[in-house]
Amino acid sequence: MSGSHRFCFRGGEILVRRGGAAGHDTLALDSAGLRLDALGEPAERLTFADGSAAEAYPAGVDAPAGWEWLPFRGVIGALPEAEWLGAARAIAFVNWRTSTRFCGRCGAPNGDKADEQARQCPACGALSFPRLSPAVLAVVRKGDRILLARNAANKAGTWSILAGFVEPGETFEGCIRREVREEVSVEVEPGDYLGSQPWPFPDQLMVGFAAEWKSGELAPDGVEIAEAGWFGPDDHPPIPMHGSLSRRLIDAAFSGIEAAGTRQGPVPKNIRST
Ligand SMILES: [Zn+2]
């Protein structure tokens, strides 16, 4: 994506314009063509060094004719990665500003630091920079199958690879071992880095790794994970939507298993993001 863009949000929704020909439904997220005053005054407006802007509007603001508000989380599968990344940056900054209106140290209303993207408290001087919460995704492989699990909170019924937030004092590898042990009671050996994806709900950075099963039988914790199993390319349950890193890692793992036939081999490495 090049040039400057304007992304408009209303809570977790983004303003989009539907388009496309011959039955292809495409989405345009860039509101640069929209009159600046079409939505009224934004509650937050940020500009980036490349001239792009992120705007946040209050709950009651209606979409102008020809545009609509759609849940941002649901549009990822319909977008080229470059456009997703631009919009993900925009909403991540909006989320950060919304959650740092007041100083976390003394509670005074925050100001803005003049020379960089940071909040600065006028009372005590505390600085708040945009925050990222790293979370790992682990493609755990056992022979020609991978570990998929259904999260207890997942209402859509999809199964995915295991994920978890990195804790303070923990490496990515340590996080993978702990998360898999806690959630399904098996021991794994973390392997190669496979790719990453910003996931601004509100501030995650997903980091994908391969891992190999070492020992133990699957025993879902029953709290976070409702069901878990080992699956191959031809016999797996519903998996996450296209566009998500978890889907990309699962597809690549299954492709690698299919390419290897009955032979066992590592998950391919050539799937990292741009
Ligand atoms: Zn303060």
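Colleague: Where does Thr100 sit?

Modeller: Thr100 is in the loop that runs between α1 (81-98) and β7 (111-112).

Colleague: And what is Thr100 in contact with, leaving aside its neighbours within four places in sequence?

Modeller: Asn110, Arg119 and Ser128. There's also a distance to Gly111, which is 11 residues along the chain from Thr100: their C-alpha atoms are separated by 9.6 Å.

Colleague: What does Gly111 stand opposite?

Modeller: Gln120 in β8. β7 and β8 (residues 119-120) run antiparallel and are joined by two bridges.

Colleague: What's the strand order in that sheet?

Modeller: β7-β8-β9, an open sheet of three strands with antiparallel pairing.

Colleague: Let's change topic. How confident is the prediction, as a mean pLDDT?

Modeller: The mean pLDDT of the protein is 88, and 88% of its residues reach 70 or more.

Colleague: Where does pLDDT stay under 50?

Modeller: Residues 21-25 are one such stretch, and the model has two contacts for them beyond four places in sequence. Residues 270-274 also stay under 50, with 12 contacts beyond four places in sequence. Where pLDDT is low, the predicted coordinates should not be read in detail.

Colleague: OK, zooming out. How many helices and strands are there?

Modeller: Three helices and 15 strands. The protein has 274 residues, and 31% of them count as buried.

Colleague: What share of the contacts comes from residues 24 or more positions apart?

Modeller: 62%, taking the contacts with a separation of 6 or more.

Colleague: Now the largest nonpolar core. Which residues touch the most other members?

Modeller: Ala138, Val139, Val140, Ile161 and Leu249, out of 34 residues in that core. Several elements supply at least two residues each, among them β10 (133-142), β11 (145-151), α2 (172-184) and β15. The largest share comes from α3, with seven residues.

Colleague: What does Ile161 touch, not counting residues up to four places away?

Modeller: Leu137, Ala138, Val139, Leu147, Leu148, Ser246, Leu249 and Ile250. There is a second, separate core as well, with 21 residues including Cys8, Ala87, Ala88 and Phe93.

Colleague: Back to α3. How far does it reach from its first C-alpha to its last?

Modeller: α3 reaches 22 Å over its 16 residues, close to the 22 Å expected at 1.5 Å a residue. Just after α3, Gly261 takes a positive phi of about 60°.

Colleague: Which residues of α3 are buried?

Modeller: Leu245, Ser246, Arg248, Leu249, Ile250, Ala252, Ala253, Phe254, Gly256 and Ile257.

Colleague: And what covers the buried residues of α3?

Modeller: The cover includes β10, β11, β13 and β14.

Colleague: How do β10 and β14 pair, parallel or antiparallel?

Modeller: Parallel, over nine bridges. Arg141 stands opposite Glu212 in β14.

Colleague: How many bridges join β13 to β14?

Modeller: 10, and those two strands run antiparallel. A hairpin of four residues links β13 to β14, and Gly195 stands opposite Gly208 in β14.

Colleague: One more residue, Ile239. Where is it found?

Modeller: Ile239 is in the loop between β15 (225-231) and α3 (245-260).

Colleague: Why does Ile239 count as partly exposed?

Modeller: Because Ile239 has 18 C-beta neighbours inside 10 Å, and a residue needs 20 or more to count as buried.

Colleague: What does Ile239 touch, again not counting residues up to four places away in sequence?

Modeller: Thr158, Trp159, Ser160, Arg247 and Ile250. Arg247 and Ile250 lie within the residue range of α3. Ile250 also turns up among the contacts of Ile161.

Colleague: And how far apart are the C-alpha atoms of Ile239 and Leu148?

Modeller: They are separated by 8.6 Å, with the two residues 91 apart along the chain. Leu148 is another of the residues that Ile161 touches.

Terms used: Residues are numbered from 1 along each chain as its sequence is written. This is a predicted model: local features need pLDDT of at least 70, side-chain atom pairs count only at pLDDT 80 or more; totals for chains, interfaces and linings use all residues. A residue is buried if 20 or more other C-beta atoms lie within 10 Å of its own, exposed if 12 or fewer, and partly exposed in between; C-beta atoms are placed from the backbone. Two residues are in contact if their C-beta atoms, placed from the backbone, lie within 7 Å. A nonpolar core is a set of buried Ala, Val, Leu, Ile, Met, Phe, Trp, Tyr and Cys residues joined through C-beta atoms within 7 Å. The expected span of a helix is 1.5 Å times one less than its number of residues. pLDDT is the predictor's confidence in each residue, from 0 to 100. Two strands pair if DSSP finds at least two bridges between them.
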